[in-house]
Structure formats: structure tokens, C-alpha cells
Amino acid sequence: MNRTTRTGLLAAVLAVVTPAQDASTPQAALARAQLLEQQEGDLAQAEQAYRALLAAPDAAAVHPAAALRLGAMLWRLERREDARPLLEQAVAGGGAIAEEAQALLQGQGPDAQQEAARQEQARMLVQRLYYLLQRPLDGEGKLANEDREAVAHVEKKLDTIGASASIALAQWFGPNTVFKLDAVGSDRGIMPLSSAAWRIGHAPLREALLRVAEQGSVEARVFHAEAATRTSIAADMEPVLLRFAAAPDPTGEVWPQARNAFRGRLPFARLESLVQDDAPGVRAAALSGLAYQWSYQPVPAREALIAELGELIRAATRSDDRRVRDGAWELIGACLNHGPTAGTYLFFDEIDRAKDRVIGGGIVAWHLVQDDAWLQAAAAAAQRLGPAVFDNSGSSRSYDTLLALLDSAQDRRWGQGSVEAVITLLELGYGRRPNWWINAIRLADEGQLARLLRQAPRVAEGRLTQLMSSWRSLPITALPVLRELVGDAMRSASESFGRPSSEHRQVRGKSQYIAVRVPQQVLKWAADTKHPNAATWLGELAAAQPTLVHHCALLLADLADAKVVEALPPLRSLLVWEGNEENELNERERNRIFAALTKAGDVDAIPLFPRAYELGLADPHQYPLPVGIDFLCEGHGYQEAALQQCWQTLLDSAAAASVFRDLNQEQDRPLVPLPVLDLTIDRLIRSGPTTSTIKSGLPDRVRSAFAELSAPLPEASSLLAATRRFLGVAEPELAVQLFQRLPTALARQLGNEGLALLRRTGDGRMVYELTGNGIELTIDDWRTALQSASMRTYALEHLPAAGAVLGAVRPNIEALLRDSEQDIRIEACAAMQRLFGADAVPALLPLLQDQDEDVRKKAREALDQLRQDAEQRAFWREAGTGIDLRPQAAASKLLQQAKAGEPKEQRLLAVRSLAMLGAAEALPYLIDLTKDQDQELAAAARAAITAIHQRGAAPGATK
């Protein structure tokens, strides 16, 4: 172990074992300085500690050792002129310390030799690193994996040897040293070396890069400043970075790189202190660095910094140095995005200095507390900034930033004092994004409300649409303002209001223009007042301005739904309005008017319904919504007599076919009301079987309506009479469809009509419907059904299993066993089995010889089933006596009696009985008994096994 190692270990031990009260002794201070130098690697602090010892009069005892240690450290750092006086002081002290100092001066001491070795190792590592960085790159411009691993290994070793690496690296960096390689590898041989210099530090590198910052070319300074952005920065290299930021930069190329290093490489607390630096470049870089790290800081830290440095930041926005101004606005933008709320006041106060700046990017102001004071400050800022000016460049400016703040903040704590601020903002043109002024509408008094509404044309129409669902109900006092707005819009030639679009579409051969630019929101607000005068005004507008018909019609329908009866007269007119060359109602709009009038139960509209159908309502094939007649099925407001008038009017008009077309839609549509079922049925009878309506089938909503009946109808019921007539005269298919939907009670009530329908139509489904509802067919009906090609399948399936009918029609069923169609023979076979049981065997046996395999198979299955049924009946008759005489049953019983735990005599008798029975299935159990602990029982089991085997081998034994 050399002397240097021994000295270091001694210092470490001394630092640990020295009592706390002796921590300030010269020996303890010397040990601490050595720790700083050798273990912690903080050479700057170590130098200060050594010099403090040398300056202390009461530390004379350790002066030689301190001079030796400091001189040796400076000698290694190539600071020979600083080291020589210290080493000579150590020589003057005499003893072993003098010998070591003298050897170091002569270049012969152990420390000198070791330092020389470290210097050589560092030089070789730097050369190795530079060589590796020149290796060929792959297709992606990267070193091969093995080269990257080697580079990382060398960099790690350089970091380890610290001060020696600093000396070796410093030799590469003159003030203007920038290595330029070929086009593929430009700068890649020197940039990692420069990054290593920033990371390792120590005096040689600090001095080398300070010379670059002060004397180097622009190219060299840009290069080394960029290298600082790619690595961590040693603490003693921070002054160098500050010098790069503060140095003159006529071309503006160096400072941006230094600023980037400030952003990611200096701690937040250090940046906070640097914003007060005298150098504008340092101050600007610190402001930018704070902005960069702003979102990562806790809220209290941000609030404290704004409170402490707010005035300084405000002053920075007025700086003569553009970099300082940019850094200040960058930090203000960070406040806008991440808080605190107090930071937005900086923006408001200085907004007129940043008219053309991009501030804050995409503002997300969820953190802001928007109280009255905040909004009033925003309004004051807008007044200083002036009326909003928007261009088409797409650039974000102060106007947009202010709008973003107003639009994105969520926590709005406004009171009455905010309304005037909102009006100010709107009057200055800041209403393009109106989401934020819903609050003002809600808070405004009637005078303020009128002023707010007059600003509506300043707000983009599409944005106003977003407010409809949140708008408060307006008082009737707002109606004059709304009328004024619409009048102004209709007189205006602007694209925003009043002029119909050139968009058009064909509606029944007519070109229909759509007024998409009309201020429909203003009309909506008028309708929201729910005042009778609003309904009257909308009706007048619709009559006078065809371009407004579409909007007015829907708003009038909403008013009718809200029970504003003044909306009904204009709705009647619109229901049958035929339009003009440029405008007419489309089917969905007329459908909506039809719905509103029926919901209101408007009797005066009933005569207009057929014409509305002719003009066109929504197509139920296209819209899965209630259409036309649906509104007269449910959801209407008519009493029964008026409802019948509605249906009678429509069913007796030319619109009847369209009505039935709509009734044929089965997409969860409402059923025909019971009070008008008789009218509907009679209308179907009168239509006759040749109309397209009838050919399309009986509407399911008519048929399904009968399911609502749960009891027979009174004999005097018009619905019962209409149903009887329909079953008797309607086209057979439709009559059967209706009977199928009759509830059981009504089907039985109409049983005679059902039998008559069966005889009239010969439809096999009627056999099913009649028998299913408990209506008996006569023997003649059954014979006719069995002889009919269309009914015999139903008849065979639904013949009753008992009664006089069976004997009477058996010949007819047996005749079907010989039918030419195999399916009929199979069904007849099944019917014979089901109805006659074993008595059917003689009739079924010939089918075993049938020419068709399926028929033969069915016959075999039927006969097998009949045989099994007979055997089962025989078995259960025997089981009814309580005794099972089968050998298997006897063997099972004997085995139960031979189980362990039963009396020995019983077990012996059971085993011997098993031998006499000769039941082979008992052998596995007997084999188990041969292992019984009772030897007599085991012997009996062996004897029984032998007897069973002998019996099984005897001639004639049962297998």
C-alpha cells in the first residue's frame, strides 16, 4: 500500500472516529478536506477547505500536510505554478511529508507516478473514444451495436477518472477548435467529446471552455453550446454556461443553444435566482428555462415565484433586449396554461405590448379561477388591445389568446359585476367564441339582456347553435329586440344573415332552396319565451318571408307542444302550404307539423289531414320515426269522437291508400286504437280485394290491435259486427290473417264465423286456429279436411285423441297410409300411432314393406315404440305387487345382505345363496369377500366363486 493510499484511509478513519465535539479540530478539518478531494471528487470545495486550514493560525500542526495535499492536487490539475509554493512549504516542514513533497517536485514521488499513469490512461481513452466515433454508420445513420456499447464503456471510464480526464480532454479544445469530418460524419467525432467535457468539468476544462466562450469563433461557440444541451452539466461548469449565455452574440446563433441548455440542465431554484442576473442573455435564458420547467413544479412554488418576481417579469416585457422580452412572454404563456391565476394578470396588464405574439400555444385554462375581478381585468385588457382583428393567416395572436382564455376556463365564479365586462368584450368583437357568455345571459337583468342580445350578430352562427340547449327562457320584454335583429338581418345582404343559400334539392320535381344562413338562433330565442305574441310573430314571418318557413314551422310546432294555442292557426296554414318556386316544406317538416296538431288535439285541422297526406309526409321506409297515421294511433290529444272523425276523414279520402301503406310498417309502430278498429275494418271491406292496399296484406297493426281485447265483445258492438262482416266477405287470405290474431275469448265468440271461414277457404291454418281456441269441428269437417290436399296435414296433426270422431274418420286416416305422397304416409303413420296405439299395429305392418325407405323407417320406429310401451306397462304392473323376481334383482339383494357389518350368519347364508343362484354379475363382489378377516366367510366366498364358474361352463348353461 503506497503512502497516498495510506493517507486517504487514515483521513477516512479519522473522519469517522473523531468525536463530535472534536469536529472542528485541525486534524478533523484536514480529514474532511481529503474526503472532499478523494471520495466525493469535489475539488473546488476541497481546495477551499485546504486553504482555510493553511490560513488558520491555530492549525499550524497540520499546515505541512495540508500544503502537501493541496499542492499534489493542483500539480495533478496542471496548475504547477499554483502548486510549487505549496509543495515547497511542505518540504520546509521536514520529515516524511518533506520527502514526499520533494519527490513530487522532482517528478519521482508515488503520487506523481500514479498521476502520470492516470494522465496516460485518460489520453488513451479520449483517443479511443474519438476513434470509435469515426466508425462507419449503418443505413439509419447510427453506429453498430458493438460500437455503441464500446463508446458507452469508454465514456463511463472517463467519468470515473474525473480530473485526469479533464486534463486530457482540455488539450482538444482551443478557442476555435471545431472538427469537421466528411459529409456523413460531420462533427460526430468531437460533439460527444465536448458533451463529456461539460459533464466531467474540473479546472482544465472549465478554463478551456471559458476561453472558447470569450475568444472562440461563432462556429466554435455554437458547437460547444449545443454539446451542453446533450448531457448533464457539472456544478463547476455552470459559470461556463452562464458565460456562453452572456457573451456577445452578434449573429444570434450561440444564445439559443445556451438557452436550451438552461432549460433542461439547470435546476428550477437556480433558474429562479438567475432571472435577476445583470447579463441580459443569462436573464433571458433563465426566464425561458423557468417557462420550460413550469408545468413540472408544484402549485405553491409557481404561486410563490409569481408573487416574488411578478414585477420583474412585467419589467422584462419592456426590456430593450428582444431575448428578455421573448423569455418573459414565454413564462407568461406558461402561466396561462398551467397557472397560477395571478399569472394571467401579467398577460392582461401587458397585452397591448404583444399584439402579434404567439402566447401560450393551445390554451387549456382549466386551472383558472374566473371571478368578477378576473373577467373585468380581461375586459380592461381588451379595451387596451382595441377591437378584435382577425385575419386569415391562421396565426395565433393576442386576440386569439384572450379568446382562448375566455373560452376554455371552466371555473366561472361570476356575479352581476361580470355582465358589464361581457358586454364590453362583445362590443369590441370578442364574441366569436360565445360559450363563456352563457353565464352573462343567465345573470343579466332585462336592460342588460337587451344589450347582450343586440350583440348576437357579432357571434358566429354555428357557435350560437351550441347555446340553444343551455339558454335561459327569455322574458317577453326581449321580444322587441329579437324582432329588431331579424328585421336587420332580412335587410342585410351579408352571407351571415338573411340571404338564402344557393344549395338546393329536388322535391317532387321542384327545386327547393334552403335558407341555411337565416338567424335561426334569434327565432329560437323568441320561441323560447313561450309567449303568445312570439307565436303570432313567427306565423307572420313565415307568411311574409318564404325563406324563413322552415325555421318558423318547427319553432311553431315546439310552441304548440308547449300548449301555446296561438301557434295552432299558423300551423294549420303551413300544414297545407304548397310552397313556391324556391321554397316548400319537405316531408319531415310537414310530418312534424302534423304531429304537433294531433298532439294538441286540434279539431279544426282534421279536414286538412287528407291534403297533408297528398302533399307528402315522412316516408316510413326511410325514417324509423312516427309518421302520419302513427300520431293518430297514440300520443294524440283527441277525444274518442274527434279521433273517429280523424280516421273517418282519412279513410274516406284519396289518402286511404297512403294511410294503409303506413299501417303496413311493422317497425315497433303503435297499434290502431280500439275505438277506430271498426272503421278500419269497414274501410278494408269497402276497398275490395283488387286494390294494392289489400294485396299487400292485412296491416299487422290492425291485426295486433285485437290482442288488446281480453273479453268477449258485447253483441251490439260495432267492432264485433265489423269483424263478422270482414270474416265473411274479405279476401280469404286477409280473413284468415285476422282470425289468427283474435284473442281466445273473441275467437270463441266468432266460432261459427271461423267454421264458415274454414269451409269457405279450405285453409289448413284454420284447423289449427279453431282447435287451438277450443272450437270443435264436425265429423264432416274432419273428413273434408282429411281429404283436402291443403288441410290434411293440419288435420292429421290436430285430430282429437278421443271421442266419436276417431271411429268415424279412421278409414280416412288408413286411406292416407296408402297415399301417393310419402310425406302424407309418414304423417298418417304418426297419427295412427298417436291416436290408436296398439290397435294401429295391423294397419302399420304393411308399411314395413313400403317402397320408400323413410316410410319404412317411420313404421319401424312407430312399431318399436308401441312394443316398448307394452313392455313398460307389463313391467309396472309387476312392480305394483312390490316384488321383483328377476335374477339380477335377487343377486343385488343378496349382495346387500352380505355387506360388512351385517350379522355373520346372514352374510354366510347370502354368500351360499349367491352360489346357488349362479349370478355371474356377483363375481367381483365375491372376490372382494375372499379377503374378509372372517376365514369362514372368505372360504364360503371362494366356494361360491367356484360354483358359479362351474355352472357357467356346464353344457346348456345360460349365457
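This is a predicted model: local features need pLDDT of at least 70, side-chain atom pairs count only at pLDDT 80 or more; totals for chains, interfaces and linings use all residues.
1. Residues are numbered from 1 along each chain as its sequence is written. Local features need pLDDT of at least 70, side-chain atom pairs count only at pLDDT 80 or more, and totals for chains, interfaces and linings use all residues, while side-chain values use heavy atoms, with hydrogens and water left out.

2. Helix H43 spans residues 779-787; helices (H or I, at least four residues) are DSSP runs, numbered from the N terminus. Its buried residues are Asp 781, Trp 782, Ala 785 and Leu 786, where buried means under 20% relative accessible area, exposed over 50%, and partly exposed in between (1.4 Å probe, protein chains only).

3. What do the buried residues of H43 pack against? The partners are helices H41 (751-761), H42 (764-772), H44 (792-798) and H45 (804-816), with contact meaning heavy atoms within 4.5 Å.

4. The count of salt bridges is 47, each a side-chain nitrogen of Lys or Arg within 4 Å of a carboxyl oxygen of Asp or Glu. One of them joins Asp 763 and Arg 765, with the closest N and O atoms 2.7 Å apart. Asp 763 is buried, at 16% relative accessibility, and Arg 765 is partly exposed, at 22%.

5. Glu 853 and Arg 860 also form a salt bridge, at 3.2 Å between the closest N and O atoms.

Definitions and conventions:
Helices (H or I, at least four residues) and strands (E, at least two) are DSSP runs, numbered from the N terminus.
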